[in-house]
Amino acid sequence: MSLLSSLRQRLHNLLSNANLPLHAIAERQLILQALAQAQHNRNLERLPGLSSVEFCAFSQWGEDGIIDWLVEQLPDMPRTFVEFGVENYRESNTRLLLQLRNWRGLVMDGSAAHIADIRSQDISWRHELSAKCAFIDRDNINTLLSDAGFSGEIGLLSVDIDGNDYWVWQAIEVAKPVIVVCEYNAVLGDVHALTVPYQADFQRTRAHHSNLYFGASLRAMILLGQKKGYTFVGTTSTGCNAFFVRNDHAAAITTKLENIWAYPSNVREARSPDRTLLFVSGTQRSFIIEQMPLVELVTGNTTTLAACGDLYSAQWRQSEKVRF
């Protein structure tokens, strides 16, 4: 019996247990559905782009499907992951990876309540999952990884802290992930390499009422990936997360992609000073934060969106994907 057949049988057996709580049964049903889609994706020899294998089980925007497909193409990679900014881990980029492939993982979040919640969940004893409470910055990230036993070669790193994402990934030296998943801020456009200035205690909701002032542009992340030895292979179709593969493994992915696409975002999450949703979309979102300070990473100068001129390529201005 193959590993996947064995896993499917085990999940079916678990589903038949009448003593399981309803939420556990629902989660196992979700995993079975994800497994069926994953098996279909794994049989695809070439893709038009990464978004063609998207699906969501626990991820927010389709990252589950992309991650599973990438991992399938890289069978000799380490079976370990690190994800930070996970809240209570019920919505995350690695929960399906943990349960479908039984990898060893480390998750971190700045909330003690969230970490306590994770440790109370069955996955914390059913799998080798470490949950650590830490407010991550560029000065402590290497120590956190080393102390938890996740230095050296690891399979996947997922960075989503809604703020210092660029600076923290830049600072990581002790771990060498094969795959990196990193959030980018599509509101900052696709033309310039921009990031919020480093502030160790940066918090998105406190930095600006709109929730639009955070993170880095996609171009900033691509340039950083190149400096660290990574190849950009695409984004989610919703314009949230970018995917990178370390150069020594990249050919296994790029030779199977007809195109490498980057997508803008149509998410309308901007809020007014009283926290009311504004439902602002497109280029109008950039005007809300146009005077906030940013670092232009090519020159190192501090700037603003207002001073940058054109932020969006013609495609992004029309909410269309861009080929890289």
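This is a predicted model: local features need pLDDT of at least 70, side-chain atom pairs count only at pLDDT 80 or more; totals for chains, interfaces and linings use all residues.

Q: How much space lies in the largest cavity?
A: About 50 Å³. The count of cavities of 30 Å³ or more comes to one.

Q: OK, on to the rings. How many aromatic pairs are there?
A: The count comes to seven. One of the pairs is formed by Trp-169 and Tyr-230, with an edge-to-face arrangement, 5.8 Å centre to centre and 65° between the planes.

Q: Where in the chain do Trp-169 and Tyr-230 sit?
A: Trp-169 is in helix H8 (residues 165-171) and Tyr-230 is in strand E7 (residues 230-235), so to speak two distant parts of the chain, 61 residues apart.

Q: Are those two buried or exposed?
A: Trp-169 and Tyr-230 are both buried.

Q: What about Phe-232 and Phe-244, why is that pair tilted?
A: Their ring centres are 5.7 Å apart and the planes meet at 50°, so the pair counts as tilted; edge-to-face would need planes over 60 degrees apart. This pair also links distant parts of the chain, with Phe-232 in strand E7 and Phe-244 in strand E8 (residues 241-246), twelve residues apart. Both Phe-232 and Phe-244 are buried.

Q: Which residues do the ring pairs link into a cluster?
A: The cluster holds Trp-169, Tyr-230, Phe-232, Phe-244 and Phe-324.

Q: Switching to charges: which rings have Arg-95 or Lys-321 over them?
A: Arg-95 has its charged end over the ring of Phe-58, 5.4 Å from the centre of that ring. Lys-321 lies over the face of Trp-261, 4.2 Å from the ring centre.

Q: Last one, helix H10. Which of its residues are buried?
A: In H10 (residues 218-228), the buried residues include Leu-218, Ala-220, Met-221, Ile-222, Leu-224 and Gly-225.

Q: And what follows H10?
A: Gly-229 does, and its phi is positive, near 90°.

Key
Residues are numbered from 1 along each chain as its sequence is written. Side-chain values use heavy atoms; hydrogens and water are left out. Rings of Phe, Tyr and Trp (its six-membered ring) pair if their centres lie within 6.5 Å; planes under 30 degrees apart count as stacked, over 60 as edge-to-face and the rest as tilted. Helices (H or I, at least four residues) and strands (E, at least two) are DSSP runs, numbered from the N terminus. Buried means under 20% relative accessible area, exposed over 50%, partly exposed in between (1.4 Å probe, protein chains only). A charge sits over a ring if NZ of Lys or CZ of Arg is within 6 Å of the ring centre and within 35 degrees of the ring normal. On a 1 Å grid over the protein atoms alone, a cavity is a set of points where a 1.4 Å probe fits but cannot get out, and a pocket is an open set with protein on both sides within 12 Å along at least five of seven lines; lining residues have an atom within 4 Å of a point. Grid points are joined across faces, edges and corners, and a volume is the space filled by probe spheres set on the points.
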